[in-house]
Amino acid sequence: MPPVKDVYIAVIGAGGVGKCFLSQLETLSNRLTKNTSSLKLSLVLVSRSKKTLYSPQYTALPYSNLASSLDSSTQEPLSLPKIIEYLAAAPAKVVLVDNTSSQDVADAYPQVLEKGISIVTPNKKAFSGSYKLWQDIFSAASTSGAKVYHESSVGAGLPVISTLKELVDTGDEVTRIEGVFSGTMSFLFNSFAPTEGKGGKWSEEVKKAKDLGYTEPDPRDDLNGLDVARKLTILARLAGLQVESPTSFPVQSLIPKELESVGSGEEFMQRLHEFDGQMEDVKVQAEKEGKVVRFVGSIDVGKKEVKVGLEKFDRSHPIAALKGSDNIISFYTKRYGANPLIIQGAGAGGEVTAMGVTGDLIKVLERLS
Ligand SMILES: NC(=O)C1=CN([C@@H]2O[C@H](COP(=O)(O)OP(=O)(O)OC[C@H]3O[C@@H](n4cnc5c(N)ncnc54)[C@H](OP(=O)(O)O)[C@@H]3O)[C@@H](O)[C@H]2O)C=CC1
Ligand SMILES: N[C@@H](CC=O)C(=O)O
Ligand code: NA
């Protein structure tokens, strides 16, 4: 039997996605042990915004009661530089799993990768931040040999990024990418403006989307179009466009003007119902044309144009007929011709997002030398 190779796993962020990931990690770890794999995964650190639980000697943390052990941890919370220092000193390969939506954590990826620590993440901030950060991340990874995967940053666990990379790497020419890229927006419009029936109140549907774990930690990041703009920035860059940032192209915001300067997400949620009439008008306008309204995005690679916003669709259109939090993403390419390659399914939710993260971890494990 080959000697057992240790791989240490550190998880930052234990919210909706993070908790599901930890449970999938436990299953993966047990499966490797049961199959007498040559790999042994040890969870050595878990952290939330104000709590850290870690193993100073890199022995594996137990999975039982992990959430409560983290909540009641009396260990001094480690700052990001301290976490990187701790992981860099580990006596084996390390994978950092970033399950936050933190820009600070994202900004540290180049330093993490430089130290040979691989990264898997659903966090969009690193790959849709400045173009310089994007370049620094991939150059640090190629210099150190560390791996970086972010499948769940677009379309949650749906194989969107891996598919686009394969189209590009095998020499296909991607001409256009379009569709519904937000689980939250999909859920909102499918329930607020359904193809049949009346639909619910806008603010109540927003609350439901938040309770179901579809929204960003602050739902305004979905409603202002920025979450979709981030995803399109990532896809456009992978398709070869040098998009500077998610604010460098037209993005329609659904935040009522009157609430743009509201300080907290909580206050925003409390006051949103005052402006339900605005979205109702948009819905009625589309209905007068026999259509429904949906929030979509598109990338025209040839024209170098990216845009995000509301559009009206016939009720029979595949985008109008989506259900739940489903995304639909169409890749138009030279090889696929007039009939695009289409990916459709749940685009938000803890379990499906964590699946993309765990899948990425498996890819890293397969590639670690
Ligand atoms: N939810 C979904 O359907 C999808 C989410 N994603 C992405 O997954 C990521 C996680 O989303 P989700 O789980 O829903 O969000 P949550 O708000 O539920 O969880 C975020 C977690 O990150 C922790 N956190 C935030 N900042 C820091 C920090 N600086 N250091 C340590 N921990 C931190 C929070 O700590 P605390 O618990 O203390 O607040 C919390 O545990 C986001 O990037 C999101 O965009 C991607 C696709 C789909
Ligand atoms: N808030 C996002 C979560 C996944 O990226 C969405 O609704 O799509
Ligand atoms: Na994905």
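The protein chain of this predicted model is divided into domain 1 (5-156 + 352-367) and domain 2 (160-346), with bounds that come from an automatic or database domain assignment. The C-alpha centres of the two domains lie 28 Å apart. To their contact, domain 1 gives 15 residues and domain 2 gives 22 residues, two residues being in contact if their C-beta atoms, placed from the backbone, lie within 7 Å. On the side of domain 1 that touches domain 2 there are six nonpolar, seven polar and two charged residues. In this classification Ala, Val, Leu, Ile, Met, Phe, Trp, Tyr, Cys and Pro count as nonpolar, Asp, Glu, Lys and Arg as charged, and the others, Gly among them, as polar.

Because the model is predicted, local features need pLDDT of at least 70 and side-chain atom pairs count only at pLDDT 80 or more, whereas totals for chains, interfaces and linings use all residues.

Ligand 1 lies between the two domains, because domain 1 and domain 2 both give residues to the shell around it. This shell holds 30 residues, of which G13, G15, V17, S101 and A348 are the closest; a residue is near a molecule or strand if its C-beta atom, placed from the backbone, lies within 6 Å of it. By class, nine of the shell residues are nonpolar, 16 are polar and five are charged. Helices α1 (16-34) and α4 (103-107) each supply at least two residues of the shell, and α1 gives the largest share, three residues. Helices (H or I, at least four residues) and strands (E, at least two) are DSSP runs, numbered from the N terminus.

The UniProt record, an unreviewed entry, lists G13, A14, G15, G16, V17 and G18 under "binding site"; UniProt positions are given in the numbering used here, feature names are shortened, and annotations may be inferred rather than shown by experiment. Two of these residues can be looked at one by one. A14 is found in the loop between β1 (5-12) and α1, and counts as buried because 23 other C-beta atoms lie within 10 Å. The cut-offs for this term are 20 or more other C-beta atoms within 10 Å of a residue's own for buried, 12 or fewer for exposed, and partly exposed in between, with C-beta atoms placed from the backbone. Leaving aside its neighbours within four places in sequence, A14 is in contact with K19, L22, V46, R48, A67, L70 and N99. G16, in turn, is found in helix α1 and is buried, with 20 C-beta neighbours inside 10 Å. Apart from neighbours within four places in sequence, G16 is in contact with G213 and G350.

G213 follows helix α9 and has a positive phi, near 80 degrees. Within α9 (residues 202-211), the buried residues are W202, E205, V206 and A209. Seen down the helix axis, these buried residues fall within an arc of 105 degrees, so they line one face of α9; the arc is that of the directions from the helix axis to the C-beta atoms. An α-helix has 3.6 residues a turn, so residues three or four places apart point the same way. The buried residues of α9 pack against α8 (183-192) and α13 (276-288).

Ligand 2 is surrounded by A156, S182, G183, T184, Y214, T215, E216, D222, D227, G347 and A348. By class, its shell has three nonpolar, five polar and three charged residues.

K124 is found in the loop between β5 (118-120) and α6 (131-144), and is buried, with 24 C-beta neighbours inside 10 Å. Not counting residues up to four places away in sequence, K124 touches S153, R230, K231 and I234. K124 and S152 are 28 residues apart in sequence and 8.5 Å apart in space, C-alpha to C-alpha.

Turning to backbone angles, most residues other than glycine have a negative phi. T36, a residue other than glycine, has a positive phi near 40 degrees; T36 is found in the loop between α1 and β2 (39-47) and is exposed, with 9 C-beta neighbours inside 10 Å. Y58 also has a positive phi, of about 65 degrees, although it is not a glycine. Y58 lies in the loop between β3 (52-54) and α2 (66-71) and counts as partly exposed, with 18 C-beta neighbours inside 10 Å.

Conventions: Residues are numbered from 1 along each chain as its sequence is written. Chains are lettered from A and ligands numbered from 1 in the order in which they are written.
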